[in-house]
Amino acid sequence: MFTIPVLDIKSDPLDVLLAVVGYRLSMLADGDNEDIKKLLADRNVTIEISSIEANIARYFSFEDGEFTQRSGHADKPDLSIDFKDSMTGVKLLTKGSLPAFMTAVQEGNLSIEGDYSLMMWFNKLAKHIVPTVPEEYKPYIQKAKPYAYKAQQFANHWIGFAKHKLGR
């Protein structure tokens, strides 16, 4: 049985996304997918992802097929990805495009330190994060999309209102 450990998750959108990604990586690391096992085998790396503006950080550690995630900064990450702000991080991570990452670096919205080859490795692993939706469920998802869009617009409106009131 899979259990979700209690983690320190802030209400910051990037931290929430990273925590969810971490939960999914935990599930994948504990699973029996041979492609995942090959990607994780003999890997001993720590990848830290953070938002400079929001002062949040989370790191993922991969050690001989085992995976852990923690809130905060790693002591010695092998790769650090620092986004200018949380929303830039969310947009780039959900896009999943390495060229978009490189453009963000050139524009000063992202800095990367450490072993750049880990970006390619993590990108291969990230392709497994979003599970495949069975064909029979796709029509239901299509029906739900307009409602999700409306909910997103409603949330964006009230987030903007709250930021205005807070002077941000």
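Modeller: What follows is a set of questions about the sheet, the helix packing and an aromatic pair, each answered from a value and a definition.

Modeller: This is a predicted model, in which local features need pLDDT of at least 70 and side-chain atom pairs count only at pLDDT 80 or more, while totals for chains, interfaces and linings use all residues. Residues are numbered from 1 along each chain as its sequence is written, and side-chain values use heavy atoms, with hydrogens and water left out.

Colleague: How do you know that β2 and β3 are paired, and in which direction do they run?

Modeller: Two strands pair if DSSP finds at least two bridges between them, and β2 and β3 are joined by 6 bridges and run antiparallel. One of the bridge partners is Phe 67 in β3, which stands against Phe 62. The two strands form a hairpin with 2 residues between them, and Asp 64 in the turn has a positive phi of about 50 degrees. Strands here are DSSP runs of E with at least two residues, and helices are runs of H or I with at least four, numbered from the N terminus.

Colleague: What makes β3 and β5 the edges of the sheet?

Modeller: The 5 strands form an open sheet in the order β3-β2-β1-β4-β5, with mixed pairing. Because β3 (66–71) and β5 (110–114) each have a single partner strand, one side of each is left without a neighbour in the sheet. Elsewhere in the sheet, β1 (residues 44–51) runs parallel to β4 (residues 79–83) and is joined to β4 by 5 bridges, with Ser 50 opposite Asp 82 in β4.

Colleague: Why are α3 and α4 called roughly antiparallel?

Modeller: Axes are lines fitted to C-alpha atoms, for helices over the stretch in contact, and angles run from 0 to 180 degrees between N-to-C directions. The axes of α3 (residues 86–95) and α4 come within 8 Å and cross at roughly 150 degrees. Angles under 35 degrees count as roughly parallel, over 145 as roughly antiparallel, 65 to 115 as roughly perpendicular and the rest as oblique, and α3 and α4 are therefore roughly antiparallel. Where they meet, Leu 92, Leu 93 and Lys 95 in α3 are in contact with Ala 100, Phe 101 and Ala 104 in α4 (contact means heavy atoms within 4.5 Å).

Colleague: What makes the pair of Phe 62 and Trp 121 edge-to-face?

Modeller: The structure holds 6 aromatic pairs, and in the one formed by Phe 62 and Trp 121 the distance is 4.9 Å centre to centre, with 90 degrees between the planes. Rings of Phe, Tyr and Trp (its six-membered ring) pair if their centres lie within 6.5 Å, and planes under 30 degrees apart count as stacked, over 60 as edge-to-face and the rest as tilted, so this pair is edge-to-face. Phe 62 lies in β2 (residues 56–63) and Trp 121 in α5 (residues 117–126), so the pair ties together parts that are 59 residues apart in sequence.
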